[in-house]
Amino acid sequence: MIDGPAGGVAAIGDGDGVAGIGVGDDVGLVVVSHSRALARAAVAMAAEMLQGRPVRIEVAAGLDEETLGTDAVAILAAVERADGPAGVVVLMDLGSAVLSAEMALELAGDPSLRERVTLSAAPVVEGLIVAAVAAAGGASRAEVAAEASDALLGKLAHLGIPAEGTTADTVTGETGTGQTESGEIGTVSAETVGEFSVENAHGLHARPAARLVGEVRGLAATVHLRNLTSGAGPVPAASLSQVATLAALRGHEVEVRASGPQRKEAVERILALAARRFDEPVEPAAGPQAPAVTAPQAPAVTASPSGSVTASPSVPLPEPLSATRSGPLPGAPGIAVGRLRRLSTVPVDLDHPATGDPAQEWQRIEESIAATRCDIEQLRDRTTREVGAGEAGIFDAHLALLADDEILHAVKARTETGIGAAAAWAGCLAEVERRFAGLPDPYLRERAADVHAVSDQVLARLTGQTPRQVTAPGVLVASDLTPAEAAGLDVDLVTGVVLASGSATSHAAVLARARDLPLVVGAGGDVLTVPEGTTIVLDGSTGEVHFDPLPEVLAEFRRRAADLAERRGQHQARAGEPAVTLDGTRILVAANVGSVAEARSSMAAGADGVGLVRTEFLFLGRSTAPDRDEQQADYEAIAEAMAGRRVTVRTLDVGGDKPLPYLAMPVEANPFLGRRGIRLSLEHRDMLRDQLIAVCRTARRFPISVMYPMVSTVGELLEARRVLTDAAGPSGIPAGLKVGMMVEVPAAALRIETFLAHLDFVSIGTNDLTQYTLAAERGNGAVAALSDALDPAILVLVDRVCRAARGRVDVAVCGEAAADELAIPVLVGLGIRELSVSPSAVPRVKAAVRELDVARCATLARQACSVAGPGEVRKLVLAMRAESTG
Ligand code: PEP
Ligand code: MG
């Protein structure tokens with residue numbers, strides 16, 4: 001009996017009696033097949049040969065008893081079960097079995113597991129039988145794998161087919177000229193040969209080359225390419241870096257030569273792909289060069305005197321890039337006028353402390369590559385959604401570079417000589433970049449920039465540094481910013497930001513507002529092609545951006561900037577006074593901060609306290625977590641800056657769009673719905689405990705509150721409270737420490753009554769509450785219009801929380817809605833008595849509160865909860881305003 005646990009993974013073990021097989025220190029085997037029946041039969045045949053000698057054989061086959069298919073998760077589970085000190089050899093049948101097995105290894109949480117696994121190209125039945133026999137005899141993993149590879153030799157000899165044959169079968173494609181003589185199919189070492197001619201305007205450049213590499217990877221075939229026109233090559237077709245060095249231009253003839261069981265399929269696929277011009281749109285003959293790496297084939301914006309991203313009387317609106325993109329949107333208020341600047345690379349520290357242990361250094365590289373892969377995949381997916389799949393294709397080329405065996409082997413070989421991870425990676429990639437830069441074709445030469453970008457991304461991960469920054473004063477234009485990059489911008493240089501993608505509730509936008517940086521998001525890929533140094537004006541309240549503006553447009557923006565400055569001056573003059581409504585209700589206006597510097601600015605802005613310390617910004621942009629002493633020093637410095645006003649520290653909220661390079665985070669399809677906030681902290685309990693120790697120590701000297709982010713269940717809250725009790729130690733939780741949670745998940749709002757008994761306060765995070773309630777990812781520009789905190793669905797949830805909490809605990813709002821002048825009357829009307837906003841918004845929010853009448857706001861709020869949509873809510877607010885001023 002070889003049935004394993006549910007899920008289709010069968011196992012042979014002592015208990016199941018198939019071959020008297022037990023678990024020892026020998027190599028384990030895994031059979032991956034589309035068919036469960038086939039795998040079982042193969043195992044049964046192997047068991048016959050073993051005659052009771054113990055071998056671990058695990059099966060991951062079929063999606064269920066009948067359905068053909070392979071499942072990477074089941075394969076990983078089988079590999080883990082088969083794993084032992086001698087490692088594992090995996091035998092696979094064809095096609096997606098190989099891909100799924102590769103994916104299973106990518107999914108492995110334990111990187112050392114990958115080191116212990118060999119994926120064998122051997123045929124499953126013959127391979128398994130000889131591998132099982134070898135493993136039972138105590139052979140090493142390499143020996144078992146070699147045995148499996150030679151599994152067909154016996155059959156070949158029997159049939160009289162030479163093992164080292166050079167016979168070739170031929171495949172011709174639409175564009176291929178093919179060879180004439182046909183050879184044997186079915187021999188192990190026979191070759192299949194084909195030819196194609198390159199028809200793409202830019203030749204076999206990064207994207208088609210990446211498509212080609214993708215076609216070949218995962219096939220049980222060794223494929224080489226040769227440029228017949230120039231004589232370059234042969235090079236392995238599975239290596240993007242090598243394929244590019246063929247410098248195959250339009251019209252060049254390329255030979256494809258493959259060996260291995262799937263050689264014919266490999267050649268056929270490549271020729272078919274070439275016939276489809278590598279799935280690229282038909283282009284005119286190579287003309288002006290396409291934009292560089294980070295501007296993936298975006299249609300060029302000409303920064304002519306009339307170039308612009310938004311409509312204005314004097315400036316025409318260019319064609320939108322896609323129907324789904326919602327166009328430039330306001331990200332953070334303010335006017336900026338300056339020269340266009342881009343992020344440039346700062347030299348990273350190649351002597352970044354190395355462990356001295358090659359295995360560890362290589363592991364660090366693998367982890368950094370995995371993290372970079374996630375970053376690039378996210379960017380590619382976002383570009384696909386917001387701009388188009390064609391433009392996103394360049395990121396596939398970046399991903400292929402990260403998976404390039406040639407590069408990885410070269411880097412690993414360097415680490416094995418004792419060179420540290422950063423230097424090994426940088427050195428190898430610099431060589432690859434030089435190879436590209438030395439190619440004769442100008443377009444291919446530009447691909448050196450791809451290598452550079454990818455190299456930098458991995459280096460940044462390796463060294464924990466933020467690699468990109470602005471080096472001259474002006475307005476930053478970038479595709480997107482990570483939170484760490486947004487946090488790291490030098491506001492003395494950067495006066496405004498325009499992002500090609502992103503949305504107003506992304507963390508980058510939150511940070512821009514916090515840093516008083518005018519921001520426009522979702523401006524589209526065209527902006528990335530405007531030359532550095534071009535004059536640019538933007539209004540972050542309206543989303544307008546103009547490149548090289550006409551004099552009258554420039555004058556208009558300067559006038560707006562002056563008006564804004566005057567209004568800000570009036571608000572600032574009263575910033576230190578409390579915010580009291582017309583009918584005498586005090587509304588606390590606190591600040592959201594991510595650093596000691598921001599705490600100081602919030603004091604200067606008149607904040608009544610800190611309603612949210614985003615502690616993750618103390619953890620981001622570095623290579624290790626701050627220890628409890630360092631955290632305590634930071635929290636105390638923030639508390640000291642606030643001079644006795646209460647400070648609410650939120651425990652670490654990473655995950656989602658805020659990954660921590662040094663915290664192992666699984667690759668997740670939907671990170672915002674995955675391990676984030678309190679979920680991740682509870683998985684890294686020691687880190688949470690350290691943080692809470694630092695909070696408790698600070699709370700013994702200062703008025704401190706602590707709150708947990710992204711709580712969905714009471715169980716999570718109680719568990720987090722237990723860690724707090726543990727962190728507080730024998731002296732107990734400090735008397736002045738208030739304990740609260742954020743309401744950001746609809747489940748928490750809907751069941752708030754069950755949480756309240758365990759809380760001193762709640763703070764509603766409208767950014768995430770909106771994202772989760774409307775199922776509109778906060779960083780996704782394509783759904784930015786849906787992601788509106790004034791949607792009545794959100795107001796109903798806020799209302800629910802306020803009603804349940806009334807007279808029991810305080811309710812604050814710390815999401816961006818708290819600073820929205822049209823949202824403030826509704827929130828106050830619903831019962832919110834604390835608004836926590838970015839430091840720079842404090843004076844303006846106080847001024848807005850001073851114009852309100854709570855009773856009228858309550859009536860307004862009741863109506864707002866039952867209208868059709870956020871547009872109607874805004875109309876109600878504007879009508880109330882008009883009534884009170886008129
Ligand atoms: C929120 O979600 O509203 C919030 C304040 O938290 P963050 O923006 O840091 O996720
Ligand atoms: Mg949040």
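I looked up the β-α-β unit in this predicted model: strand 27, helix 30 (residues 824-830) and strand 28 form one, and it is right-handed. I take helices (H or I, at least four residues) and strands (E, at least two) as DSSP runs, numbered from the N terminus. A crossover is called right-handed if, with the strands pointing away from the viewer, the path from the first strand over the helix to the second runs clockwise.

I then checked the pairing of strand 28. Strand 27 (residues 810-813) pairs with strand 28 in the parallel sense over two bridges; pairing requires at least two bridges found by DSSP. Opposite Ala812 I found Glu834 of strand 28. Strand 21 (residues 586-593) and strand 28 (residues 834-837) are also paired in the parallel sense, over four bridges. Here Val837 in strand 28 is the bridge partner of Ala591.

Next I turned to helix 32 (residues 854-864) and helix 33 (residues 870-885), which pack at about 155 degrees with axes 10 Å apart. The two are therefore roughly antiparallel (angles over 145 degrees). I noted Arg856, Cys857, Leu860, Gln863 and Ala864 in helix 32 as meeting Val873, Leu876, Val877, Met880, Glu883 and Ser884 in helix 33, contact being heavy atoms within 4.5 Å. These contact residues comprise seven nonpolar, two polar and two charged.

I record that residues are numbered from 1 along each chain as its sequence is written, with chains lettered from A and ligands numbered from 1 in the order written. Local features need pLDDT of at least 70, side-chain atom pairs count only at pLDDT 80 or more, and totals for chains, interfaces and linings use all residues, while side-chain values use heavy atoms, leaving out hydrogens and water.

Methods:
Axes are lines fitted to C-alpha atoms, for helices over the stretch in contact, and angles run from 0 to 180 degrees between N-to-C directions. Angles under 35 degrees count as roughly parallel, over 145 as roughly antiparallel, 65 to 115 as roughly perpendicular and the rest as oblique. Ala, Val, Leu, Ile, Met, Phe, Trp, Tyr, Cys and Pro count as nonpolar, Asp, Glu, Lys and Arg as charged, and the others, Gly among them, as polar.
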